[in-house]
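Hi everyone, thanks for coming. Today I'd like to walk you through some side-chain contacts, so please have a look at the structure first.

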Amino acid sequence: MERRNVMMERVLPDLVIFNGKVITVDSKFSITQAVAVKDGKIVAVGASDKIKTLIGKQTKTIDLKGKTMLPGINDTHCHISDWALSRPPLMLDIRFPLVKSIADIVKMVGEKASKVKPGEWILGEGWDEGYLAECLADPDHKPSKEDLDRVAPYNPVALTEYSGHRAWVNSQALEMAGITRDTPNPVGGEIKKDPFTGEPTGLLYEKASTALRAVIPPWTAQQRKEALLGAMSELNSIGITSFTDASIDREKWAIYNDTLNEYFNDGKWTCRVNMMLMLAGFGKSNLDGMKEALKYVGCRYNFGNEWLKVGGAKIVADGIPPLKTAWMWEPYLDGTFGGLVVDGNSAKEQEENLREMIRICHQNRFQVGIHSCGERTIDVCTDQYMKCIEEDPWDARHYIIHSDFSRPETVKKIGEFGRRTGYELALNVQSPIKWTISDFMETVVGPQRAAYQWPLRTMLDNGVRVANSSDAPVIYPDWKQGVQGAVLRESKATGQVSGPEQRITLNEAIATYTINGAWLDHMENLKGSIEVGKLADFCVLDKDILSVDPHEIKDIRTLMTIAGGKVVYDAGAI
Ligand SMILES: [Zn+2]
């Protein structure tokens, strides 16, 4: 106490934020009112009248006017470098409710056409006939090439449907892809043609867009860098200040690295990025490929700085439950068990290869995160994690990514292991995905097992750390939907509660997006809560998340986001 007082007297903060409801997410989950920041770090936390005495001539002040402030949010599993390529500025965002009609989309395309050079591609993603006014008024009304030709006669335009199954293009795009009235339908695809004229209408189904994709030029490095910065700004606008990009290859690593070098001093790099390297390759995880990569990759976990670092290695072990490809002990309703997606001629060899990959990553001091959704895969990975730590202990914090069907006995075992050895394992989950698929999963594994999927209560009751995430671009990185989902476990389609016994409390759900993620990043001493000595990463909300009806958590807006003591997003409302 004495020491803290002395510190407060000496410090002249460059930022003081006061008059708020500050949810600190410290070990007692204390609520306070104000924070003082110097050089990007928190130097004092407490009551407004006390903290305000620190304000000096140079101190910038923010009066929260009673608004709620949380630590900056951490999305611990996503693929932001991929997500960034499907977002503005590279692609038009034509999802409902941003657009409500064909006319809205045509207007956006026209605006874009006025800004780009003739011949440059205009791309977009997300249209949905079910939400377009013209199609709703007349189900026979379809989007057409003429709609786009009117506003973009000199640019090829290609707009992908929300599902990815259809493309809506204009005449220029058809011409460049070589698609005419005489082009036959490819296998597995259809070129929609006008029944009277025989001309393509501008809608390409499934494989019919292959010819189109072949002529769309790949993004340049500069476009990818700008896309990354755009993605960081968008994440800031919803309160996120940290994320883990979980599928890093050498190109993505280079883009991150170049973007940091070129834009950090301009203040444009605004998120703390944790990279998980795909040492075992993409698609099928390959032990030989990983061994080869480890010959040349000399970095270890935590290489980098507070803004960009290598967390460890990502391995993909199995598939996903909705497709029945995650490896289970109990069969899916159709009698199949799924399997591993690791190299090997038999399930036994695949498991051995997977265990060896874990072992060499552990030995090389890589924290390991493994995509494991099925109960059997989770058992193999956690068992091998524990063996590696027993034999060669270090602070690895290996974790399971997704963790859908973690069995109660497995969760219990890893909880006990952590308490016994002092080396904990963690489970990464996706509460916002649970919200979208829980009804459908009943048709895959039956209602009982569907209800158990993502057993957050069981995990926390066993003392296992749980970190939440979106897996963007699988789902929009809306952490509020994730918090709401973890607390209510209601489905998106019907509102049906899926596994009420696995609900967690609001404080626990907030922790899965803050302090637990910081621990997973080996940064719990630097972020994840609002405490003296930590990085000044915050988000300010328009409503008090602790007192709103839990059904309204998803509608809470972010008013301001601060990263490293700098305002990186400001809605202009405080
Ligand atoms: Zn993922």
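**Charged pairs and rings**

Let's start with R87, which counts as buried at 6% relative accessibility. Here buried means under 20% relative accessible area, exposed means over 50%, and partly exposed is in between, with a 1.4 Å probe and protein chains only. Before going further: this is a predicted model, where local features need pLDDT of at least 70, side-chain atom pairs count only at pLDDT 80 or more, and totals for chains, interfaces and linings use all residues. Residues are numbered from 1 along each chain as its sequence is written, and side-chain values use heavy atoms, leaving out hydrogens and water.

So what does R87 pair with in a salt bridge? The partner is E234, with the closest N and O atoms 2.6 Å apart. By salt bridge I mean a side-chain nitrogen of Lys or Arg within 4 Å of a carboxyl oxygen of Asp or Glu. R87 sits in the loop between α3 and β9 (92-93) and E234 in helix α9 (residues 221-237), so the pair ties together parts 147 residues apart in sequence. Helices (H or I, at least four residues) and strands (E, at least two) are DSSP runs, numbered from the N terminus. E234 is buried too, at 16% relative accessibility. A network of salt bridges links R87, D93, R95 and E234.

How many salt bridges are there by this rule? The count comes to 36. One of them joins K252 and D82 at 3.1 Å, N to O. That pair also links distant parts of the chain, with K252 in helix α10 (residues 250-263) and D82 in helix α3, 170 residues apart. K252 is buried at 8%, whereas D82 is partly exposed at 31%.

For a local example, take K107 and E111, which meet at 3.9 Å, N to O. Both lie in helix α4 (residues 102-115), 4 residues apart, about one turn of the helix. K107 is exposed at 56%, and E111 is partly exposed at 38%.

Now for the rings. A search of the whole structure finds 7 aromatic pairs, meaning rings of Phe, Tyr and Trp (its six-membered ring) with centres within 6.5 Å; planes under 30 degrees apart are stacked, over 60 edge-to-face and the rest tilted. Among them, W83 and Y476 are edge-to-face, 5.9 Å centre to centre with 65° between the planes. W83 is buried at 3%, while Y476 is partly exposed at 26%.
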